[in-house]
2 protein chains.
Amino acid sequence: MEPTKFVLGDEHIPQSWYNIVPDLPFALEPPLDPATREPVGPEAFAPIFPRAIIEQEVTAESRVPIPEEVRRIYALWRPTPLFRARRLERLLDTPARIYYKYEGVSPTGSHKPNTAVPQAYYNREEGVRRLTTETGAGQWGSSLAFACRQMGLECTVYMVRVSYDQKPYRRIMMQTYGAEVHASPTDITQAGRKILEEHPDSPGSLGIAISEAVEDAVGSEEAKYSLGSVLNHVLLHQTVIGQEAIEQMELAGEYPDVVVGCAGGGSNFGGIAFPFLRENLVNGRDTRFIAVEPASCPTLTKGRFTYDFGDTAGTTPLMKMYTLGHSFVPAGIHAGGLRYHGDSPILSALVHEGLVEARAYLQNETFEAGVAFARAEGIVPAPEVNHAIKAAMDLALEAREAGEERVILFNMCGHGHFDLSAYERYLAGALPDLELSQEEIDRALQELPA
Amino acid sequence: MEPTKFVLGDEHIPQSWYNIVPDLPFALEPPLDPATREPVGPEAFAPIFPRAIIEQEVTAESRVPIPEEVRRIYALWRPTPLFRARRLERLLDTPARIYYKYEGVSPTGSHKPNTAVPQAYYNREEGVRRLTTETGAGQWGSSLAFACRQMGLECTVYMVRVSYDQKPYRRIMMQTYGAEVHASPTDITQAGRKILEEHPDSPGSLGIAISEAVEDAVGSEEAKYSLGSVLNHVLLHQTVIGQEAIEQMELAGEYPDVVVGCAGGGSNFGGIAFPFLRENLVNGRDTRFIAVEPASCPTLTKGRFTYDFGDTAGTTPLMKMYTLGHSFVPAGIHAGGLRYHGDSPILSALVHEGLVEARAYLQNETFEAGVAFARAEGIVPAPEVNHAIKAAMDLALEAREAGEERVILFNMCGHGHFDLSAYERYLAGALPDLELSQEEIDRALQELPA
């Protein structure tokens, strides 16, 4: 029987995270103070992040050792399996060989715990007793709640009210792990009260929830704040995905011609791609890399590569990245994890320099791909992943056209067990396709900081 | 780093299922015709099951080869991981070593596809084009929908109306796999119409849904019926769990002193226990076996070992088993998979002969155990599994009392991602404890067939 999947024992959990920054053939531009336009130093982050995380954010080392305690918690689900999608290949009648790395086996069903656990670890090591964060539909919040429980930390999650009310399952998961979950905006922060005064029925937004979580942490002796994507240290932690995948592809006797991932803030993409990209940069490989995003939030494909705020309220340092403008509010697509106005500065620079390609797809075509995948391979994917699946399927069809045996690897960063209402709407033909027009993009970009 | 889990590659998927019947130190009593009280032959099942399944139901062979095509589909999730619950051990401060086999990594999140796939396979091999079945909350229905899609069969699921309305996620999962799902009672079967005439607002029941699914299959040239628990062939298919666990325990350098599983119809319990029980029967081991059930449906602990119908409507052959009477309607606990008036005839006989022990627990104490497990080990368990966890924790505490290093293995037959509303009710203190009184049991047992 030819193998369908490639599994590794606990001893193959990587010993270090891979930092791509020193291997880049260009320099990253630093974050700037919005008032002075001067580069901000690491100390600007001290009120919200612990020292070790700030060091990782700016480190010049290629390898950052993973603490043993973190590896022991990783062992609850890592190494994750690598699958060969033989049934999908047959469906597409393609000479391409399609592989996917499956992060949905984590306790919370996505790749998010890969960074939640070390973030909780370093905070606890430095005496922090509570972490605050924001969450939309709850993938990140539930992962941080899990990680905090493992480390004996308290966890306070500001959950966007509309999700709090309409998607109770992830909220309950956070509470099962012992986290305190607030519907944001709340009346316990200034930021929240200000919104509620003006809009008592506010449905909330990620921007508002971030403001509340940061204010809570900054105003508290024992608390820090935790972020689940975008920043360098988050992408660093996610590189366990790609490092394992390299070893598993070796087991399969293969090396990918193309690596695909969906991109919202960029962390699952960076996680699978950067260890393979290193092979291009350091060892002369020539793999293609494709980041896939929604046409309704086409940051990498139609945004501008410039300095912008990381948050909606405009309180963070300015970061050089592809952005649609920090006040851009993406349409309410079901791939909630891809609804971000900007993108990781590292990934943005890689796209700008032409080392990573970007593609955008409409909502319905991604769900069509996701349903085909579920019927062929069994796993119902998260809506975010459907973007990567659509691109992988297109690449496999291109390989068929070309009559070439290409090897395609994509990151299946989570399952869709909490997203089935989106599938119901798709199957009922009720999902809108929300492509952003050039006019809307131009209007959004007018809001960029001067 | 000491290993947390034990994984096996695809080549370790068992080559055969293990049939315990020929190794039993007693004879199983045959199913009887309810009218004549004569044993029914295999031909009685021909209208609803294919020949190969009927043969497996009555086979005297110890080993039944697993078809290669079934093994290739098993490879989408099998072998499942075996974990050592080191964090739970620390929490309990016990010298016991606790292991669990985790079936939640299957596409539908439970052990059910282990039998759904071969059932769909044998039906397709014999020219069947459609399978019908019933489902309550949907674990079984979604597994059969997945299996039918893999085999290119149509799938018709009669889903109890109250679940259809209140628990849409598993319904959508079935539809995503392409199954047709009806809220039962329907107006497309005689059985359904009869109920609807008398009770237009009927919430449905598993008994009604079974009647509809069987009627649909019997009245259709191209369709057969499929059952997800209780019968011998279902337990047979589930023995892949225990066979893998034996190999994984060897990897861990261990052998269990006690094996624990929850029991509703008996299939996940039989799946993990029978391969180990064989070691007792054939190779002189002396492992204990404990089947755990809810105090609100205490079939094995307080039912009678006698002949009864398998279904509520009283249409099946009579089976010798522990039963509370076929017309007994269990309370609406959240462990829907454990709400069955009877139990597997094989498991019932094993309990009756003293080879397997049985325990019953109240709802809140099982959820208390499940939340402790989720906080320690990360995975939120299905409510059914919480019964096994509670027993395993009690056994670990008993080991601490005795100061003995016992090895405990339990079957974690599914995750709780679709059951979080039950956790919400538990955390809010709103779950009732529904212990069945002796008077209620006596009353239910009066309904046994003469």
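I take a salt bridge to be a side-chain nitrogen of Lys or Arg within 4 Å of a carboxyl oxygen of Asp or Glu. The model I am reading is predicted.

**Entry 1: a salt bridge inside chain A**

I looked up Glu398(A) and Arg359(A) and found their side chains joined in a salt bridge, at 3.5 Å from N to O. I then checked where the two residues sit. Glu398(A) lies in helix α16 of chain A, residues 383-402, and Arg359(A) lies in strand β14 of chain A, residues 357-361. They are 39 residues apart, so I noted that the pair links distant parts of the chain. As background, I wrote down that side chains of opposite charge can pair when their charged atoms come close. I also ran the search over the whole structure, and it gave 49 salt bridges over all chains.

**Entry 2: between the chains**

Next I turned to the contact of chain B with chain A. I listed 50 residues from chain B and 50 residues from chain A in it. The two chains bury about 4,300 Å² between them, and 59% of that area is on carbon and sulfur atoms. How many salt bridges cross the interface of chain B and chain A? I count 4 by the rule. I also looked up Lys5(A) and Asp10(B), whose side chains form a salt bridge with 2.7 Å from N to O.

**Entry 3: a helix pair across the chains**

From α7(A), the contact uses Tyr169(A), Arg171(A), Ile172(A), Met173(A), Gln175(A) and Thr176(A). From α17(B), it uses Leu420(B), Ser421(B), Tyr423(B), Glu424(B) and Leu427(B). Sorted by class, I have 6 nonpolar, 3 polar and 2 charged residues in this contact.

**Entry 4: a helix pair inside chain B**

Last, I looked at helix α15 (residues 363-377) and helix α16 (residues 383-402), both of chain B. Are they parallel or perpendicular to each other? I found that their axes come within 8 Å and cross at roughly 85°. Angles of 65 to 115 degrees count as roughly perpendicular, and α15(B) and α16(B) are therefore roughly perpendicular to each other. Among the residues of α15(B) that meet α16(B) are Phe367(B), Ala369(B) and Phe373(B). On the side of α16(B), I noted Ile389(B), Lys390(B) and Met393(B), among others. The residues of this contact divide into 7 nonpolar, 4 polar and 2 charged.

Terms used
Residues are numbered from 1 along each chain as its sequence is written. Chains are lettered from A and ligands numbered from 1 in the order in which they are written. This is a predicted model: local features need pLDDT of at least 70, side-chain atom pairs count only at pLDDT 80 or more; totals for chains, interfaces and linings use all residues. Side-chain values use heavy atoms; hydrogens and water are left out. Axes are lines fitted to C-alpha atoms, for helices over the stretch in contact, and angles run from 0 to 180 degrees between N-to-C directions. Helices (H or I, at least four residues) and strands (E, at least two) are DSSP runs, numbered from the N terminus. Angles under 35 degrees count as roughly parallel, over 145 as roughly antiparallel, 65 to 115 as roughly perpendicular and the rest as oblique. Contact means heavy atoms within 4.5 Å. Ala, Val, Leu, Ile, Met, Phe, Trp, Tyr, Cys and Pro count as nonpolar, Asp, Glu, Lys and Arg as charged, and the others, Gly among them, as polar. Buried area is the accessible area (1.4 Å probe) that two parts lose on being put together, summed over both.
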